[in-house]
Amino acid sequence: MQTNSLLELSQISKGFFGIPVLEQVTLSVAPGQSLGLVGENGAGKSTLMNILGGNIQPDSGSMNWTGSAYRPHWPRDAEAAGIAFIHQELNLFPNLNVAENIFLADFPCRGFWIRRLEMFRRTKELLGQVGLAVSPQTPVVNLTAGEKQLVEIAKALHRQPKLLILDEPTTSLSEREIVHLFKVLRALQQQGMAMIYISHVLQHVQQLCSTVAVLRDGSIVGHGPVEHFSPGQLVALMVGRELEQHFPRIEHQPTDRLLLRAEALSQPGVIENVSLAVHEHEVIGIAGLMGSGRTEMARILFGLDSCSSGRVSVYRAGEMIEITKLPVSKRVQVGMALLTESRRDDGLCMSASIDENLGVVAGARFTVRGVLNKSLLRSSINRTREAVRLTPTASGRQAVRTLSGGNQQKVVLAKWLLNEPRILILDEPTRGIDVGAKFEIYRLIDELACKGAGIIIISSEIEELIGTCDRIIVMRKGEITNSFDRSHFDREAILNAALHSIEQVPA
Amino acid sequence: MVSRFVHSGYLTLLLCGVYCLAVGTWVPGFFTLENAHNVLLALLPLLVVATGQTVVLMTAGIDLSVTSIIAITSVIGAQLITSDGGPLAENWLATPIAAIAMLCLGVGLGLANGICVAVLKMPAFIATLTSMMFLSGLAIWWTQSEQIYNLPRSFLSIGNQLGSVLLITILLTGSVHFLINRTLFGMRLRAVGHNPLAARTSGVPVSKTIVWAYVLSGFTAALASVLITGQLETGSPVQWENNLLDIVGATVIGGTSLYGGRGSVIWTASGVLLLSLIDSSLNLLSLSHFTIMMIKGAVILLAALLDTLRYRVNEGNH
């Protein structure tokens, strides 16, 4: 056993209700080392981190921290030891300002009074460390996702930790913000900060970490210097089988029949003069930074938000009909579907059952004068569950909350598929789901396009768009700036179009 | 196992049985036909209003105006048909016209509540609390705080004969049970209660669904008013003034969630039964009104606590 480790885990095991989640996990992190932890959803990464953070206790095994036994019972034990967590979902208070968020747990006080100037001075220092040029008095609600992430890091640094644990920190960041985040993290590494970096994005792990550990079904199946693994090998270790390619072969062939047409859509400050056409059997990708108007455009197309000018029409029964003024419920009836960016917020009823979620869109198709035909609905639900390969072990009465991210996303897709949509808008369809589920979603997209649907995919992963789309449209500052055909797909060119004037920080 | 049981809606029904056995043996007159008759006659109108309340709670709303709707419909219905100068007195169609007028008024007031909540986006609590105050004041001002007596026999018989009250209650609860479990409306009701944003994105007409829930609640309040006015043979501006907590409480005791999405008429019926059994046994022991209030308050508090625990388990310790 190494004696110079900062953190050592030996033979940690944990089960819930008799199902093993972690089995004999042994890992170590040396001072100043960066460990990348990768694995599919449900591999046990979160459980491991929860054990480190004192949220749950292991069933067996032991932990060592700076040479002595470490048994955290509460999150504050981990904090006191010098372990800081940056969670996937940010824990900032939008109504408070940056300084208040950082100092929330320990305002510098003199008697009854908060020493505001002291607090602002220290906040400025911390913000300097993470390269964030905003005033300490900025309300957090006014910050972008990337800036919030940096505030989280500043908040963690305020405690002067020895080990920083980052769980999927790039999920909601744009390419440019990721580049900046990595610059900050590298600077911290050079100052001797140890890190555990959890991510689905293997490239990021390879850029940032010196060692990597792969977790599959609760066990470590690969551990070593990052140079020893190729991305293909890592994926193979994670899923336990070789994926020949990350994307299924594209089978569909676009036609000329128009399904959806948007003409000069504008909403001041949101989108500007956006025109778009989606054809039968066609998959269109939308690339662009966060805040480029891509999600907003999708919401306007679907009728969730309004637009001040422009027209939207869809093909229906032999002619194009205008739907600009129709509410969402009517647009669903003419065959539109929207998979939203956030499953948790507006995609699913998390505490409702799988069946309740599945029935809600297409319910009207299974009713006669408002009365549900339950057996017909049930058989359609079962067929669709199979089509999206939803985990067969989950009962229909089980709450959606208990499913993994990939299966939750399949429930969202399945609830729309029950309605047999003609036009699907998918906003970040593979965010936060594991490699296997991603592949299945790509396969479904192609299958739907083969059957005649027109599909719009919004994604931050350019590879994903290149691998699945017939055409890629780039949005910037609310406008469509470029359009690439399949034969002219070029990662660099698309990325440049999305970033354009914004200075490119070398990675 | 324990959590499974706590989650089941039939916990309350079991508690009813246990309570009967525990209390019935030593409270004098509990296990008599007369007491059963009295308990049922008092329980059924409560069940009728609580059924409407269940639907509203399922949208994650609340309807506090129901007792005032009962009061205002009671006095207006009674004024129409009282033989002390009602415009329809001696008219052979007086009873059906009065009953229909009361129901229409209930529906209209429910519609107003629903529009405040769903269209004007007011918090349900404040919208229905203010309409409770307004309607309650209106009923007293309108009648100058006078009770209205001398209602026609045919109208009274709707509410004071166990057979007709039972029939009306079964018809209503049966239809609402069907509505919640077997129709598109019920499906949408749950979705709206669980997550209105996801419901809207899924093409559910969220506002319309919520408005209908309040309309239904207004209707059931008016229907209960028909029964109660007949039972008490009086149109009163303070009719059932003190029963608001019983209505919301019985629904929550049954297991319908204050957080929306979960609810059932059968659960509510068990909640109403338990609350009525407690009420009746304490009355038979001739405890004071205040003691009874304290005990009922404690029971409802426990039920609300249980609901919160259930919700926290469901949402994963938020």
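Two residues are in contact here if their C-beta atoms, placed from the backbone, lie within 7 Å. What you have open is a predicted model, in which local features need pLDDT of at least 70 and side-chain atom pairs count only at pLDDT 80 or more, while totals for chains, interfaces and linings use all residues. Residues are numbered from 1 along each chain as its sequence is written, and chains are lettered from A and ligands numbered from 1 in the order in which they are written.

Start by selecting chain B. Among its contacts between residues at least 6 apart in sequence, 78% join residues at least 24 apart. Colour by secondary structure next: chain B has 14 helices and 0 strands (DSSP runs, H or I of at least four residues for helices and E of at least two for strands, numbered from the N terminus). The radius of gyration, taken over C-alpha atoms, is 20 Å for chain B, close to the 20 Å that the globule rule (2.2 Å times the number of residues to the power 0.38) gives for 318 residues, so chain B is as compact as a globular protein of that length. Its C-alpha atoms fill a box of roughly 60 × 55 × 35 Å along the principal axes.

Now move to chain A and colour domain 1 (7-239), domain 2 (255-335 + 422-499) and domain 3 (344-420); these bounds come from an automatic or database domain assignment. The C-alpha centres of domain 2 and domain 3 of chain A are 24 Å apart. Their contact takes 10 residues from domain 2 of chain A and 9 residues from domain 3 of chain A. Finish on helix α15 (residues 435-450) of chain A, which gives the most to the domain 2 side of that contact, with 4 residues.
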